[in-house]
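Please open the structure in a viewer and keep the sequence at hand.

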Amino acid sequence: MLPWKHLLRPLSALLLTAVVTIVPATTATAAGTDRAATATSRGWNDYSCKPSAAHPRPVVLVHGTFANSVDNWLGLAPYLVSRDYCVYALDYGQLPGVPLVHGLGPIDKSAEQLKVFVDKVLAATGAAKADLVGHSQGGMMPRHYLKFLGGAAKVNALVGIAPDNHGTTLNGLAKLVTHFPGASEVLSAATPALADQVAGSAFLTRLNAGGDTVPGVRYTVIATRYDEVVTPYRSQFLDGPNVRNILIQDLCALDLSEHAAIGLVDRIAFHEVANALDPSRATPTTCLSAVS
């Protein structure tokens with residue numbers, strides 16, 4: 001019988017290998033430059049932007065696993081820029097030799113990158129606090145920053161779109177890892193962030209110990225019942241004061257967005273993000289929000 005490691009390594013590293021093989025490093029560098037130019041040309045990551053009186057806090061967008069600071073936000077970033085927000089997005093969790101897709105490194109280290117980025121944004125804008133909006137891992141990782149790295153003093157609100165706040169079972173597949181000798185070690189070595197996001201991981205146990213939230217921060221979670229990545233979908237919801245948990249189908253039963261679409265293209269979800277960032281000017285979210 002083949003060692004379990006030989007069977008499981010492709011499951012944790014197949015996508016990484018494909019990316020490195022198909023996209024040469026020089027091409028990836030050029031593509032990264034093009035993406036950065038795209039962000040600036042569309043109005044985000046503009047460090048000359050000064051927050052308005054109506055929207056006094058900059059918005060920092062935090063991408064998900066296997067994503068980056070531009071592609072994850074081609075829908076939401078322009079949506080917020082057009083509503084007079086100063087918008088910024090970072091890359092984090094990079095692995096050596098893996099271009100274009102990030103959010104793969106240890107999540108506690110990624111939170112340290114977020115801390116540095118928020119400080120940079122606050123210094124550039126002159127704002128006292130920022131608002132954070134994250135998709136998938138990007139909606140959960142900032143909670144480590146808030147809880148352990150002093151982020152609560154610099155953040156007003158955290159909006160998580162399909163965040164894996166309590167990990168994921170991947171519809172039960174993640175539980176299989178515990179049945180294969182050495183599987184957890186292989187997963188942790190190849191893609192640490194994936195191991196950190198499995199329900200019951202040491203990272204998540206520490207993150208959620210003593211409560212889901214910290215004082216002084218407003219939390220919003222936007223989930224879809226059709227999420228096939230963060231399962232069960234209700235595990236995304238948070239408990240605590242200043243928390244609003246939203247199931248997008250309660251606002252529009254016709255919304256069929258799954259895990260990726262709710263963060264990438266769902267304007268109904270985007271409307272709820274805007275409401276969370278500016279609750280004093282919030283308007284009802286309905287199916288018609290898709291065209292507003």
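A disulfide is a pair of cysteine sulfur atoms within 2.5 Å. The model on display is predicted, and by this rule it holds two disulfides.

Select Cys49 and Cys86 to begin. Their sulfur atoms lie 1.9 Å apart, forming a disulfide. The torsion about this S-S bond is about -80 degrees, so the disulfide of Cys49 and Cys86 is left-handed. Cys49 sits in the loop between helix H2 (25-41) and strand S1 (59-62), and Cys86 in the loop between helix H3 (76-81) and strand S2 (87-90), so the link ties together parts that are 37 residues apart in sequence. Both Cys49 and Cys86 are buried.

Next, select Cys252 and Cys287, which a disulfide joins with an S to S distance of 2.0 Å. This link is right-handed, with 100 degrees about the S-S bond. Cys252 belongs to the loop between helix H9 (248-251) and helix H10 (259-264), while Cys287 lies in the segment after helix H11 (267-277); the pair therefore ties together parts that are 35 residues apart in sequence. Cys252 is buried, at 3% relative accessible area, whereas Cys287 is partly exposed, at 30%.

Proceed to the loop between strand S5 (218-223) and strand S6 (243-247), where Pro232 is found. A cis peptide bond joins Thr231 and Pro232, with omega about -10 degrees. The loop between S5 and S6 also contains Asn242, a residue other than glycine whose phi is positive, near 60 degrees. Asn242 is partly exposed, at 48% relative accessibility.

Finally, select Ala162 in the loop between strand S4 (155-161) and helix H6 (183-190). Its phi is also positive, near 50 degrees, and Ala162 is buried, with a relative accessible area of 0%.

Definitions and conventions: Residues numbered from 1 in each chain as written. Predicted model: local features only at pLDDT ≥ 70, side-chain atom pairs only at ≥ 80, totals over all residues. Heavy atoms only, no water. Helix = DSSP H or I, 4+ residues; strand = E, 2+ residues; numbered from the N terminus. Buried < 20%, exposed > 50% of the residue type's maximum accessible area, 1.4 Å probe, protein only.
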